[in-house]
Amino acid sequence: MTEAAERGRSATADDLPAWPMMKPAGCPFDPPQALRALHAGRPISRVRLWDGSDPWLVTRYDDVRALLGDPRVSASSLNPGFPHTDAGFKERFRRSLTFLNMDAPEHGRIRRMVTPPFAVKRVEAMRPNIQKLTDQLIEDMLAGPKPADLIQELALPLPSLVISELLGVPYEDHEFFQDTNGILVNRNSSPEEVARGVDALRTFLENLIDQKLASPGSDMLTELAHQRVAAGELTRREAADLGLLLLTAGHETTANMIGLGTLLLLEHPDQLAVMRDSEDPRVAADAVEELLRYLTIPHLGRRRVAASDIEIGGELIHAGEGIILAADVANREAEVFTDPDRLDVRRDARRHVAFGYGVHQCLGQPLARVELQVVWGTLFRRVPTLALATTVDRVPFKHDALIYGIYELPVTW
Amino acid sequence: MHVEVDPPKCVTSGQCVMIAPEVFDQDDEGIVRLLDAEPAPELREAVTEAAAICPAAVIRLVHE
């Protein structure tokens with residue numbers, strides 16, 4: 001058992017279940033059994049965190065959406081009741097504050113500075129380039145040795161290349177930012193390790209911003225440098241923190257989906273065949289939504305704190321109390337998604353909350369969608385004999401990370 | 001069917017554009033732009049879906 005899980009265990013001196021909960025070894029794609037039991041029997045209850053605090057855990061789909069969309073619910077991590085799931089994450093969000101952990105009006109003011117490149121039309125215009133990158137990465141993999149690690153060959157590089165180009169971060173630095181981000185997303189990282197990682201990434205980005213001020217490119221960091229920092233709307237540090245958020249969120253999440261989703265499809269060959277055998281872009285689009293729903297990779301829950309008293313589901317959440325919204329189990333609710341534990345790439349899964357809900361809903365979602373549509377729309381056609389070069393029980397899943405995924409995925413063809 | 005949007009609340013998730021591109025677009029900043037406030041009846045389902053999915057409750061359907 002990981003050290004974190006042991007901490008979780010011992011923190012439960014009473015009968016409150018410890019949070020987070022681990023997926024059992026035999027069911028790596030499903031929410032934990034204990035979480036499903038709460039969803040069925042006690043949809044709103046309290047859990048015990050690493051620091052002894054006892055925030056609320058909300059599991060039903062309607063309640064998750066209602067609270068994420070409720071202006072009485074705050075995302076501010078500075079609030080003492082904010083339910084950080086680990087000491088390292090607490091340090092991360094203390095050290096690098098972005099609009100992710102702000103409320104209106106600051107949240108909207110800053111978020112809008114970075115949303116334009118993610119508009120649907122602009123992301124669609126990136127599709128040909130994303131396709132070219134995907135094609136090249138797959139060709140390189142096929143030219144190399146077997147088995148290959150799909151994470152290193154495709155899952156990580158594709159979103160990293162794309163977000164690097166969008167931001168104006170040199171891809172040559174990808175090992176540095178990927179490895180440093182690995183520390184930031186690991187539950188077992190100490191606050192000191194996280195602090196060093198955040199500072200290193202921030203310094204790296206501040207230097208880039210200085211470079212862009214001197215010689216502008218046509219990328220987002222240049223825009224932030226010239227239009228916001230130079231205009232006094234953002235400090236250099238705030239701009240660097242924004243870059244840090246987009247750089248890390250922009251590759252880690254999609255990389256995890258590519259790895260996990262590919263494995264899931266390999267385990268469901270009938271579903272894989274649907275994607276492989278159709279050139280209709282709507283088939284790929286529907287399949288991506290279903291995979292997002294089924295996997296819901298932010299598995300530690302959305303984290304909030306009540307700004308005033310809230311009555312919900314027969315309970316009273318007091319102002320200042322922490323709230324954890326378990327989107328993964330909400331996405332497996334039978335009343336919303338018929339036969340929810342069945343992977344069905346043809347179903348209409350658009351109402352899922354894998355990207356969250358409310359004003360903080362994932363900013364990068366249009367880009368994530370295009371990347372995933374391109375990767376899965378290409379991979380199985382180009383490599384029709386793609387197969388797992390190990391067994392599922394040997395695959396190292398990211399049980400201990402902020403975002404669920406796979407560390408290494410050996411494949412052959 | 002009459003559709004209204006509240007642009008200051010928009011968070012640019014873009015889902016309305018993907019679901020009902022005949023009715024919704026985004027401006028240069030990604031903020032919702034209503035293309036047709038009186039869409040044809042056959043678009044009712046799509047517009048209803050867009051309103052339900054919008055994470056910021058920006059879209060309002062007024063049934064006359």
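By buried I mean under 20% relative accessible area, with exposed over 50% and partly exposed in between, using a 1.4 Å probe and protein chains only. Helices here are DSSP runs of H or I with at least four residues, strands are runs of E with at least two, and both are numbered from the N terminus.

Quick housekeeping. This is a predicted model, where local features need pLDDT of at least 70, side-chain atom pairs count only at pLDDT 80 or more, and totals for chains, interfaces and linings use all residues. Residues are numbered from 1 along each chain as its sequence is written, chains are lettered from A and ligands numbered from 1 in the order in which they are written, and side-chain values use heavy atoms, with hydrogens and water left out.

What does the covering? Contact, by the way, means heavy atoms within 4.5 Å. And a general point: an α-helix has 3.6 residues a turn, so residues three or four places apart point the same way.

Now zoom out to chain A. It has 16 helices and 10 strands. Its radius of gyration is 21 Å, close to the 22 Å that the globule rule gives for 413 residues, so chain A is as compact as a globular protein of that length. That radius is taken over C-alpha atoms, and the globule rule is 2.2 Å times the number of residues to the power 0.38. Along the principal axes, the C-alpha atoms of chain A fill a box of roughly 55 × 55 × 35 Å. Of its 413 residues, 59% count as buried. Take contacts in chain A between residues at least 6 apart in sequence: 73% of them join residues at least 24 apart.

On a 1 Å grid over the protein atoms alone, a cavity is a set of points where a 1.4 Å probe fits but cannot get out; a pocket is an open set with protein on both sides within 12 Å along at least five of seven lines; and lining residues have an atom within 4 Å of a point. Points are joined across faces, edges and corners, and a volume is the space filled by probe spheres set on the points.

The largest cavity holds about 1000 Å³ of space. It has 47 lining residues, and A:L100, A:A249, A:T253, A:R302 and A:C362 lie nearest its centre. Helix α12(A) gives the largest share of that lining, 9 residues. By class, the lining of the largest cavity has 26 nonpolar, 14 polar and 7 charged residues. For those classes, Ala, Val, Leu, Ile, Met, Phe, Trp, Tyr, Cys and Pro are nonpolar, Asp, Glu, Lys and Arg are charged, and the others, Gly among them, are polar.

The second largest cavity has about 120 Å³. Nearest its centre, among 16 lining residues, are B:C10, B:S13, B:G14, B:C16 and B:C54. That lining has 10 nonpolar, 6 polar and no charged residues.

The largest pocket has a volume of about 810 Å³. Of its 31 lining residues, A:P281, A:R282, A:A285, A:D286 and A:Q373 are closest to the centre. Both chains turn up in this lining: α6 (120–143), α14 (281–295) and α16 of chain A, plus α1 (15–19) of chain B, each supply at least two residues.

Which peptide bond has omega near 5°? The one from A:W19 to A:P20, which is cis. A:P20 sits in the loop between α1 (3–11) and α2 (33–41) of chain A. Another cis bond joins A:A104 and A:P105, with omega about 0°, and A:P105 is in the loop between α4 and α5 of chain A.

Over in chain B, B:T12 has phi near 60°, a positive value in a residue other than glycine. B:T12 lies in the loop between β1 and α1 of chain B, and it is buried, with a relative accessible area of 3%.
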